[in-house]
Amino acid sequence: MTLAIPLDGLTITAPQPEMLSQKNVESVTGIPARVFLDTIRSPGFPLHVMKLGKLRLVRREAFVAYLQTMANDPASHRAAEQDERTRVAAVLAAAGLEPVRRARTGRDGAR
């Protein structure tokens, strides 16, 4: 006896990749590659980032856990941003300069 299964009756799901990069992050998490790269390059990013040429890799499970932590504790994200501003101000002060506040234009502060 032969059992015929229509092709639209099958769903084949590939396993999630172990590593995320700017090439696959959007298809796995829905996060655009630019946001991924900005996130992993931000000061205080706690995960190990592997570099392979221009490719940046992080473990998927750890990155998703980090995102969940950030979603549950936005204060830690604001603290990291403040730390970055403090470091930038220190570098500018060492050069005899001071930061200038700018009004944001648009949702992401793009000029």
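**Entry 1: Ser21**

I looked up the contacts of Ser21, where contact means heavy atoms within 4.5 Å. Not counting residues up to four places away in sequence, Ser21 touches Phe36, Leu55, Arg56 and Leu57. The model is a predicted one, in which local features need pLDDT of at least 70, side-chain atom pairs count only at pLDDT 80 or more, and totals for chains, interfaces and linings use all residues. Residues are numbered from 1 along each chain as its sequence is written, and side-chain values use heavy atoms, with hydrogens and water left out.

I then located Ser21 in the loop between E1 and H1. Helices (H or I, at least four residues) and strands (E, at least two) are DSSP runs, numbered from the N terminus.

Is Ser21 buried or exposed? Ser21 counts as buried because its relative accessibility is 5%. Buried means under 20% relative accessible area, exposed over 50%, and partly exposed in between (1.4 Å probe, protein chains only).

**Entry 2: Gln22**

I moved on to Gln22, which lies in the loop between E1 and helix H1 (25-29). Gln22 has a relative accessibility of 19%, so Gln22 counts as buried.

Which backbone atoms does the side chain of Gln22 reach? A polar atom of this side chain lies 2.7 Å from the backbone oxygen of Lys54. The side chain of Gln22 also reaches the backbone nitrogen of Arg56, at 3.0 Å. Leaving aside neighbours within four places in sequence, I found Gln22 in contact with Ala33, Phe36, Leu37, Lys54, Leu55 and Arg56.

**Entry 3: The sheet**

I traced the strands next. Three strands form an open sheet in the order E1-E3-E2, with antiparallel pairing. Strand E1 (19-20) and strand E2 (50-52) stand at the edges with a single partner strand each, so one side of each is left without a neighbour in the sheet. Two strands pair if DSSP finds at least two bridges between them. Strands of a sheet pair through backbone hydrogen bonds, either parallel or antiparallel.

E1 and E3 pair over 2 bridges in the antiparallel sense; Met19 has Arg59 in E3 as its bridge partner. E2 and E3 run antiparallel and are joined by 3 bridges, and the partner of Leu52 in E3 is Leu55. I recorded that E2 and E3 form a hairpin with 2 residues between them, and that Gly53 in the turn has a positive phi of about 65°.

**Entry 4: Helices on the sheet**

What is the angle between helix H3 and E3? Helix H3 (residues 60-72) lies across E1 and E3 and runs at about 75° to E3. Axes are lines fitted to C-alpha atoms, for helices over the stretch in contact, and angles run from 0 to 180 degrees between N-to-C directions.

In helix H3 I looked up Val64, which is partly exposed at 30% relative accessibility. The C-alpha atoms of Val64 and Thr29 are separated by 8.1 Å, and these residues are 35 apart along the chain.

In helix H2 I looked up Val35, which is partly exposed with a relative accessible area of 41%. Val35 and Gln22 are 13 residues apart along the chain, with 9.1 Å between their C-alpha atoms.

**Entry 5: The chain as a whole**

I counted 4 helices and 3 strands in the protein chain. From the N terminus on, the elements run β-α-α-β-β-α-α.

Of the 111 residues, 17% count as buried. Among contacts with a separation of 6 or more, 41% come from residues 24 or more positions apart. The accessible surface is about 9,200 Å², of which 56% belongs to carbon and sulfur atoms. Accessible areas come from the Shrake-Rupley method with a 1.4 Å probe; for residues, only the protein chains shown count as cover.

**Entry 6: Confidence**

I checked pLDDT last, the predictor's confidence in each residue, from 0 to 100. The protein chain averages a pLDDT of 82, and 79% of the residues score at least 70. Among the elements, strand E3 (residues 55-59) has the highest mean pLDDT (96) and helix H4 (residues 74-94) the lowest (68). Where pLDDT is low, the predicted coordinates should not be read in detail.

Note on methods:
A polar contact is a pair of N or O atoms within 3.5 Å; within protein, one must be able to donate a hydrogen and the other to accept it, and residues adjacent in sequence count only if both atoms are side-chain atoms.
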